[in-house]
Amino acid sequence: MDSEVLMRQLGDNYIVSHNLNTEADIQVVNTCGFIGDAKEESVDTILQLTKAKSNGLTKKVFVTGCLSQRYKNDLKKEIPDVDGFFGVNDLPEILKSLEVDYKEELIGERKITTPSHFAYLKISEGCDRDCSYCAIPLIRGKHKSKPIEELVKEAQFLASNGVKELILIAQDLTYYGIDIYRKRKITELVNKLSEVKGIEWIRLHYAYPAAFPLDLIDEINDNPKVCNYLDIPLQHINNRILKSMKRAHDKDTTINLVEKFRQKLTNASLRTTFIVGYPGETDEEFEELYQFVEKYKFDRMGVFQYSEEEDTSAFDLKDDVDPQTKQDIADKLMMLQQQLSLERNKEKVGLTLKVIIDRKEDPYYIGRTEFDSPEVDNEVLINIENEDLKLGEFYNVEITKADFFDLYGKISPEN
Ligand code: SF4
């Protein structure tokens, strides 16, 4: 999204594209600095582009984003060929280096780089929590909500450019509003966004489990534009680990909340993520997590292997689960999820579901139901034979077959 805002601000001054092209005159690398793999990928990209610069293929290389914010001084020393390093809040400065003025009137506008029918909407930046393993507050700062009117304006801009699905993201979604309105306003925000003409689906990512605003459950249930979907990273279930992680929920409150979701959101897809291999995690603690997953059967699940992050409080703990064990337990949990996912998918065979078509990849059109988010969740595959579907349109699809993670279907005569 930050790249999209930069691209919009560059406007007519440059021909911009959002891909790796070593022969473009000017390169801006938007880096990620949260976890080891992302840092490595960011550095590799910078090195690739500085090499292109020394070979005369490109003229200037600028670096922005989280990695640059966090390690600006080290990077300057290590990669001196870069023409400028910028932090996450330095948009006007980057523009100045590119000889373009920052335009206030373009607040809320972006050049959309996702397929034009869906877009991410970042409702707040930063986080007030201090989870022991997480560097986000160090990089992004304290939680800062965007005002409702600004977000509605951004949604209107996106809708007028063909966006039908808004994917709301925040580091702590349900904290939205506390900093600027002195109370949680996520439900009101979702309701206002659902009134924007052209928006048909609103999807919610990254809710924090403690003090979850229960009126949001009603909004998901009652508002047809809010997808029956909730992404709520739980991270673990063992009390010792949750406490060491400095999470504000324990085993009992987590179970109560999940049970409440299951009672009230009977048709919703619950997505969560867990961290395995946290310092000191014993076989028994992992087993407790495994049994929790087995019992509560999340619809979608991701597993991260713990990786230590400098300057976080967990960095002082001994990272004592060896890499092979981390890999093995992550695989074990995902194997369980694969089976659970297959069971859930089989329940959908024979149903007719509303599907948005994301892309065409011979021999299939590939779409999603309201129960799935792009890039991380399941897809619905529809054979292209005899079908002429439009990308970004909704169709009723009859589900004919279930796989571990994906569904297969055919266009229903009900369209
Ligand atoms: S709530 Fe999320 S973003 Fe905030 S500190 Fe915890 S893990 Fe990091």
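These entries record what I looked up in a predicted model.

I number residues from 1 along each chain as its sequence is written. In this predicted model, local features need pLDDT of at least 70 and side-chain atom pairs count only at pLDDT 80 or more, while totals for chains, interfaces and linings use all residues.

**Domains.** I took the bounds from an automatic or database domain assignment. The protein chain splits into domain 1 (2–105), domain 2 (107–346) and domain 3 (352–411). I looked up the pair formed by domain 2 and domain 3, whose C-alpha centres lie 24 Å apart. Here 24 residues of domain 2 are in contact (C-beta atoms, placed from the backbone, within 7 Å) with 17 residues of domain 3. On the side of domain 2 that touches domain 3, α13 (323–346) is among the elements that supply at least two residues each, as are β7 (165–169) and β8 (201–204). The largest share, 5 residues, comes from α13. By class, I noted 7 nonpolar, 10 polar and 7 charged residues on that side; Ala, Val, Leu, Ile, Met, Phe, Trp, Tyr, Cys and Pro count as nonpolar, Asp, Glu, Lys and Arg as charged, and the others, Gly among them, as polar.

**L168.** Leaving aside neighbours within four places in sequence, I found L168 in contact with L121, I123, L173, I202, R203, L204 and H205.

Methods: Two residues are in contact if their C-beta atoms, placed from the backbone, lie within 7 Å. Helices (H or I, at least four residues) and strands (E, at least two) are DSSP runs, numbered from the N terminus.
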